[in-house]
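Let's walk through this structure together, from the whole chain down to single residues. Keep the 3D view open as you read.

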Amino acid sequence: MKTTPARLLRDYRPLLIFAILLVTFRTTIADWSPVPSGSMEPTLVPGDVMWIDKTAFGPSLPIINKKLLTWGSPKRGEVITFVPPHKDQLFVKRVIAVPGDHLRIEGMKLWVNGQPLAQQITREEADYLLGEGTIATSHGERSEGW
């Protein structure tokens, strides 16, 4: 029995439909990704898997990453993911300021809108500091980690 492309398509149609739906889902609605670095410790550690809601701030076109509509924006204290223009790697960061906020950094101290960010160093190495901070959110709640 000779295998033809038409027969392969017919035999594997459910698998092909599933693959197309999965790719569409992961590029437009939601995705999951491992945390790539320790920059969010102790909240998130490298290897943790994050569920990413790609519709939280509005839909965008996959691959070219152009926004179609915007119905929200990141809030102070939220964890966001993004791929910066200078690197082809997913970044996971906590929002500490939003448009209109004033930041001041002096040495290792950070002020947001004139209020010092409560910080404590949890581990210090020769090439980095690991610490925790408290960020006031727009709803009066507080968010830990930096």
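Residues are numbered from 1 along each chain as its sequence is written, and side-chain values use heavy atoms, with hydrogens and water left out.

How far can you trust what you see? The predictor's confidence in each residue is given as pLDDT, from 0 to 100. Its mean over the chain is 80, and 80% of the residues reach 70 or more. Among the elements, strand 7 (residues 103-106) has the highest mean pLDDT, 90, while strand 12 (residues 142-144) has the lowest, 48. Over residues 139-146 the pLDDT is below 50, although this stretch has 28 contacts in the model beyond near neighbours in sequence; a contact means heavy atoms within 4.5 Å. Where pLDDT is low, the predicted coordinates should not be read in detail.

Now for the layout. The chain has two helices and twelve strands, and from the N terminus on the order is α-α-β-β-β-β-β-β-β-β-β-β-β-β. These elements are DSSP runs numbered from the N terminus: helices are H or I with at least four residues, strands are E with at least two. Of the 146 residues, 22% count as buried, where buried means under 20% relative accessible area, exposed over 50%, and partly exposed in between (1.4 Å probe, protein chains only).

An open sheet of three strands has the order 7-8-9, with antiparallel pairing. Strand 7 and strand 9 (115-116) stand at its edges, each with a single partner strand, so one side of each has no neighbour in the sheet. Four bridges join strand 7 to its antiparallel partner, strand 8 (residues 109-112); two strands pair if DSSP finds at least two bridges between them. Across this pair, I105 stands opposite L110, and L103 faces V112. Two residues lie between the strands of this hairpin, in which G107 takes a positive phi near 60°.

Where is the largest pocket lined by two or more residues of an element? Strand 1, strand 2 (49-53), strand 3 (60-61) and strand 5 (79-82) each contribute at that level. The lining has 25 residues, of which I52, K54, N65, T81 and F82 lie nearest the centre. Here a pocket is an open set of points on a 1 Å grid over the protein atoms alone, where a 1.4 Å probe fits, with protein on both sides within 12 Å along at least five of seven lines; lining residues have an atom within 4 Å of a point. The volume is about 850 Å³, counted as the space filled by probe spheres set on points joined across faces, edges and corners.

S33 sits in strand 1 (residues 30-34) and is buried, with a relative accessible area of 15%. Beyond four places in sequence, S33 contacts D48, V49, M50, I52 and L90. T55 is found in the loop between strand 2 and strand 3. At 28% relative accessibility, T55 counts as partly exposed. Not counting residues up to four places away, T55 touches T28, I29 and W71.
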